[in-house]
Amino acid sequence: MSWTQKILRVNLTEGTCTAEALNMQWANDYLGQRGLASKYLTEEVDPKCDPLSPDNKMIMATGPLTGTMASTGGRYSVITKGPLTGAIACSNSGGFLGAEFKNAGWDMLIFEGKSPEPVYLWIENDKTELRSATDLWGKSAWETDDILHQVHQDPQVRIACVGRTAEAGCLYSGVINDKHRAAGRSGVGTVMASKNLKAVAVRGTLGVGNINDMPKFVEAINAGKAVLAENAVTGQGLPTYGTQVLMNVINGVGALPARNMKNAGFEGAENISGEAMHEPRASDGKPNLTTNASCFGCTIACGRISTIDKTHFSIENKPEYWGASGGLEYEAAWALGADTGVDDLDAITYVNFLCNEDGFDPITFGCTVAAAMEMFEDGVLTTENTGGIELKFGSAEAFVAAAEALCSGEGFGQDLALGSKRLCDKYGRPELSMTVKGQEFPAYDPRGIQGIGLNYATSNRGACHVRGYTVASEILGIPVKTEQTDTDGKPELVKAFQDATALVDSAGLCLFTTFAWGMDNIAPQIDGACEGDWSVERCLEVGERIWNIERQFNNDAGFTSNDDKLPKRLLEEAIKGGPTDGQVNRLGDMLPKYYEIRGWTDKGEITDETKQRLSL
């Protein structure tokens with residue numbers, strides 16, 4: 001049945017680790033990972049609690065396909081109430097940690113309370129214990145990983161940890177695993193640090209079994225791998241260019257935001273694109289991209305490993321950054337590059353290294369700096385506020401200095417740690433924060449792509465592309481092409497993508513498989529692994545149930561239809577020039593229909609009929 005049927009409850013206040021049986025009724029209703037952990041969270045946490053108080057809980061969860069032979073079956077998620085938004089947070093990560101949890105015999109870890117001093121959790125199959133981490137506190141994520149590997153003397157130990165920014169209370173710090181994979185958004189790492197939990201180190205040697213019907217499962221996963229290999233995106237584009245294959249594509253269709261979303265289109269896009277990462281530098285003759293890489297069980301290998309020119313101003317006197325490490329993905333390259341107006345590829349790669357080293361979300365960071373740059377150019381901020389940094393759009397030197405200020409936790413870095421919403425509120429310019437529910441936008445302008453704007457507005461964790469990636473349809477024609485600037489049919493499209501994504505996130509698979517797979521490829525894999533009839537229809541119903549339980553948590557936390565909105569800039573300031581000239585987002589034309597097909601009231605509340613239908 002693929003689940004290990006075991007969870008580990010860690011009471012940090014008491015210092016205890018207790019094994020419990022997985023609630024199999026909930027597993028059948030919510031599958032695993034995002035969905036199942038959200039069910040546990042909603043049952044155990046008051047939606048109105050302070051996210052950084054001991055009353056909040058943090059859950060690390062795998063899916064039933066995590067650790068199996070399914071392609072991309074290496075995912076895990078961190079679920080909690082997020083401090084950046086105050087909404088439910090679920091941040092997904094790849095690498096090898098999720099599979100190691102399953103190999104050690106655990107479906108889920110639930111952390112509650114707060115330790116009186118810094119600790120880390122050590123897991124070796126059934127052996128679990130909290131150990132002192134006082135010597136790790138104040139260390140970066142990279143340093144923590146190195147030290148714990150030295151302590152345990154096993155290169156196969158997998159580690160998830162927080163960096164210094166989380167300890168300092170940066171509201172968008174993530175949880176870093178395998179040094180450059182991240183559960184990166186919404187501040188899940190900040191919650192982890194607030195509990196004085198520095199790291200989780202796990203070694204599993206039990207293997208992953210409990211496959212319900214092995215011949216059926218093998219047939220389904222082999223068929224799925226063949227589809228991935230034959231698809232142009234998953235078989236060619238992503239292995240070659242990673243998600244950075246999108247930089248020039250999105251710029252070309254007039255939907256690449258630039259300079260705090262003032263513009264749609266960035267003249268420097270080619271310089272920070274996936275293609276540019278392959279080009280030898282004039283300075284040393286070497287490309288930014290060293291190699292591609294894959295997570296556990298992945299047959300796509302979209303990961304980037306990069307090396308910076310040793311003579312580049314950002315690292316010329318910093319040999320610790322001369323080696324190869326996790327390179328740019330599209331969202332990071334956009335937020336650190338186009339949104340700040342910076343087209344220096346090595347500079348934004350260096351800042352990406354810092355994001356991994358000290359564990360903070362590159363999307364929120366880049367967008368926060370972009371908002372600060374606009375305030376600086378408007379005269380709202382001066383060098384007295386920024387600690388001497390001439391924070392102008394396009395300045396790579398200023399951008400690097402801002403990143404280093406955040407890592408230091410001092411001066412202007414404390415302002416940047418607030419995220420753009422609180423930063424702009426502090427300086428009296430709230431309209432310059434490009435956020436939904438307090439979380440910053442990803443790399444697609446909702447004026448130029450209408451459906452993604454509706455998805456941003458209704459996303460349960462704040463602005464997010466991977467809650468309903470309608471860009472696949474609106475730009476790439478997957479599974480069918482829809483017109484990017486039309487609003488007709490977009491409520492139905494958004495709901496379909498959101499429900500399907502909730503299911504994929506709960507299975508333990510990577511969302512990138514859906515560039516090639518439909519639910520008719522995914523459902524057979526779940527059906528072979530898990531007991532019961534996991535038809536396409538059942539899978540989509542589970543996805544819809546997950547979406548609604550997240551929505552209910554947010555409604556109970558105080559969110560309303562007033563929070564399903566976009567910044568005025570995107571509703572009133574039209575794009576100037578390019579393929580999408582004159583476009584604004586027409587959210588008002590889509591939102592009422594979206595509520596209707598969701599089975600919600602016109603105030604965005606779940607109706608009794610919908611609750612009954614989904615057994616909420």
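Q: In which loop is Trp106 found?
A: The structure is a predicted model, in which local features need pLDDT of at least 70 and side-chain atom pairs count only at pLDDT 80 or more, while totals for chains, interfaces and linings use all residues. Residues are numbered from 1 along each chain as its sequence is written, and side-chain values use heavy atoms, with hydrogens and water left out. Helices (H or I, at least four residues) and strands (E, at least two) are DSSP runs, numbered from the N terminus. In these terms, Trp106 belongs to the loop between helix H3 (97-103) and strand S6 (108-112).

Q: Is Trp106 buried or exposed?
A: A residue is called buried under 20% relative accessible area, exposed over 50% and partly exposed in between, with a 1.4 Å probe and protein chains only. Trp106 touches residues including Thr4, Phe101, Ile123 and Thr128, where contact means heavy atoms within 4.5 Å. Because the relative accessible area of Trp106 is 3%, this residue is buried.

Q: What is the relative accessibility of Asp339?
A: Asp339 lies in the loop between helix H11 (330-336) and helix H12 (345-358). Leaving aside neighbours within four places in sequence, Asp339 is in contact with several residues, among them Arg259, Met261, Trp334 and Phe393. Asp339 counts as buried because its relative accessibility is 1%.

Q: How far apart in space are Asp339 and Phe266, C-alpha to C-alpha?
A: Distance along the sequence and distance in space are two separate values for a pair of residues. For Asp339 and Phe266, the separation in sequence is 73 residues. In space, C-alpha to C-alpha, Asp339 and Phe266 are apart by 8.6 Å.

Q: What is the phi of Met261, one of the residues in contact with Asp339?
A: Most residues other than glycine have a negative phi. Met261 lies in the loop between strand S13 (257-258) and strand S14 (263-264), and Met261 is buried, with a relative accessible area of 1%. Its phi has a positive value, near 65°.

Q: Which peptide bond is cis, with omega near -5°?
A: Most peptide bonds are trans. Pro479, found in the loop between helix H19 (471-474) and helix H20 (490-507), takes part in a bond that is cis. The bond with omega near -5° is the one from Ile478 to Pro479.

Q: Into which domains is the protein chain divided?
A: The bounds of the domains come from an automatic or database domain assignment. The centres of domain 1 and domain 2, taken over C-alpha atoms, are separated by 26 Å, and their contact takes 31 residues from domain 1 and 31 residues from domain 2. The division is into domain 1 (6-203), domain 2 (256-436) and domain 3 (444-613).

Q: Why does the radius of gyration of the protein chain agree with that of a compact globule?
A: The radius of gyration is taken over C-alpha atoms, and the globule rule is 2.2 Å times the number of residues to the power 0.38. With 616 residues, the rule gives a value near 25 Å, so there is agreement with the value for the protein chain, 22 Å.

Q: Which strand gives the most to the lining of the largest cavity?
A: On a 1 Å grid over the protein atoms alone, a cavity is a set of points where a 1.4 Å probe fits but cannot get out, a pocket is an open set with protein on both sides within 12 Å along at least five of seven lines, and lining residues have an atom within 4 Å of a point. Grid points are joined across faces, edges and corners, and a volume is the space filled by probe spheres set on the points. The largest cavity has a volume of about 30 Å³, and its lining draws at least three residues from each of domain 1 (6-203) and domain 3 (444-613). With three residues, the strand that gives the most is S5 (residues 88-93).

Q: How many charged residues are in the lining of the second largest pocket?
A: The second largest pocket holds about 540 Å³ of space, and of its 24 lining residues the closest to the centre are Lys421, Pro430, Ser433, Thr435 and Lys565. The largest share of this lining, four residues, comes from H23. Ala, Val, Leu, Ile, Met, Phe, Trp, Tyr, Cys and Pro count as nonpolar, Asp, Glu, Lys and Arg as charged, and the others, Gly among them, as polar. Beside nine nonpolar and four polar residues, the number of charged residues is 11.
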